Amino acid sequence: MIIRGGVSTALVALVLMAIVAVISIIQSIYRSDTLDLRSYCIMKQPLKCMLPPLPKAATVVSSNRIECNSIRLSSVRMMRSTPSRSSCQAYQFSPDISGSSCPGQMQVFSDSLNPDKLYWKSSYQNPGHMVWGVSSKPWFDPLENDICCSLEENHEKIRLELDRVLEAQKESDTAPLLSPIGSREGEASLVSNGGNWSDFILLDDGTDSTQKKIGKYSPQDLCPHTVNMLKGLEGVSNAVTKSKIGVAMFSCLTPGTYLKPHCGPINIRLTCHLGLIIPENVNIRVGDEWRTWEEGKCLLFDDSFEHEVKHDGDRERIVLLTNLWHPNIRKENWEPLARQARQARQTRVELQEYFNRQISRRSNKRLPD
C-alpha cells in the first residue's frame with residue numbers, strides 16, 4: 001500500500017508539473033503577441049478567456065488612441081469590467097496587419113463613423129491626407145510591380161534620353177533644363193544649405209507638359225520614348241495627368257545635398273525611383289530603414305512615410321522619379337479618392353492662407369506708429 005501510495009503521489013506530481021508546463025508554454029506564446037492595457041487588449045487572435053496581466057508595452061495617448069511597439073497584431077478586443085461582470089467586444093483591425101509593416105510606434109485610432117473598426121498607422125507615417133484602410137508599409141518589392149519591371153526593362157533607352165537632356169543643358173544659353181525644386185508645395189525648404197535639388201519634368205498634374213518648351217526643347221523633343229512609355233503605364237499616367245496626385249521627372253541631387261526628413265501629402269500613391277546615374281555614398285531612408293540605389297534598378301516606397309536623403313558622393317545622383325497608384329487601390333476608386341485628396345489639399349491651403357493673414361494682421365498691429 002505504501003508503494004502504491006508513493007506511485008500515486010508521484011503520478012499526481014508529474015501530472016501537476018505537466019499542467020504547469022503547458023500553462024507556461026501557452027502564456028509564453030500569448031505573451032509575445034498580446035498587449036493587456038487598461039480597457040484595451042490587442043492580440044494576435046481573439047481569445048475566449050482573460051489572460052493574466054502582461055508587461056506594459058503601450059501608451060494611452062487619448063481616449064481613442066494607443067501607441068505600441070508590437071506589429072504582430074490582427075484583431076482587437078475592448079474589455080469593460082464592472083464589479084459584477086466583465087464584457088468583451090471584438091473589433092476589426094484595418095488595414096490587415098499581416099500584409100503591412102509598422103516601423104516605430106503603432107498608433108491606433110477609433111472612428112465614430114465606423115464603430116466596429118479600429119484604424120492603425122506607423123508613427124513614421126504622417127501625410128497631410130490619410131485614407132484609412134490602405135495597406136501600409138514603407139518599402140515595396142519592385143519585382144512584384146509591373147510598372148517597375150517595365151521601367152527596368154527600358155532603363156537603357158531612358159538613360160540615353162537623359163544624356164540628351166544633360167547635353168542640351170550644357171548648350172542652353174537661356175533657361176536651365178534642370179530647374180531648381182521649389183515650385184511644388186513645401187519642397188524648397190527640404191533642401192539643406194549648400195545642396196541642390198533640381199528636376200526635368202516629363203509628366204505633371206494635368207497640363208500638357210510634354211509639349212511645353214524649356215528653352216529650345218520640350219520633354220517630347222528630348223525624351224520621346226520615355227514620355228510615351230510613361231503615358232502608356234496606366235497607373236502612372238492616371239495618377240499624374242488625370243488624378244493629379246503626382247509627377248514624373250528626372251530628379252537630380254548634387255554632391256553635399258541633404259533632403260530633410262519629410263512625408264508626402266497622401267498615402268494612396270507610391271513613389272518609384274529608377275536609378276540612372278548613381279555614385280557611391282548616396283542613401284535614402286524611408287521609415288526606419290536606409291537603402292541605396294542601383295543603376296538600372298528601381299526602389300519602390302510609400303512616400304507618406306517619413307523619408308530623407310543624404311548625398312555624400314562625388315557626382316550628381318539622377319533618378320527617374322514617378323508616382324503611381326497604390327497597388328491595393330482598385331481602379332474604380334481612383335477618381336473618388338483623388339478628388340477627396342484634392343479637396344483636402346485645397347482646404348489645407350485655404351486654412352494656411354487664413355492663418356498667415358491672421359499672423360500678418362497681428363504683426364502689423366504691433367508695429368509702432
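Leaving aside neighbours within four places in sequence, which residues is Leu151 in contact with?

1. Leu151 is in contact (heavy atoms within 4.5 Å) with Ile158, Met229, Leu230, Leu233, Cys272, Leu274, Cys298, Leu320 and Thr322, its neighbours within four places in sequence being left aside.

2. This is a predicted model, in which local features need pLDDT of at least 70 and side-chain atom pairs count only at pLDDT 80 or more, while totals for chains, interfaces and linings use all residues. Residues are numbered from 1 along each chain as its sequence is written, and side-chain values use heavy atoms, with hydrogens and water left out.

3. Leu151 and Phe250 have the most contacts inside the largest nonpolar core, which has 34 residues. A nonpolar core is a set of buried Ala, Val, Leu, Ile, Met, Phe, Trp, Tyr and Cys residues joined through side-chain atoms within 4.5 Å; buried means under 20% relative accessible area (1.4 Å probe, protein chains only). A second, separate core of 20 residues includes Val247, Met249, Leu253 and Ile278. In soluble globular proteins, nonpolar side chains tend to be buried together.

4. Helix H6 spans residues 234-242 and contains Val240; helices are DSSP runs (H or I, at least four residues), numbered from the N terminus. Gly235, Val236, Ser237, Asn238, Ala239 and Val240 are buried in H6. For Val240 the relative accessible area is 0%.

5. Val240 and Asp204 lie 36 residues apart along the chain, yet their C-alpha atoms are separated by 5.7 Å. After H6 comes Lys244, with a positive phi near 60°.

6. Leu16 belongs to helix H1, residues 2-33.

Conventions:
Helices (H or I, at least four residues) and strands (E, at least two) are DSSP runs, numbered from the N terminus. Buried means under 20% relative accessible area, exposed over 50%, partly exposed in between (1.4 Å probe, protein chains only).
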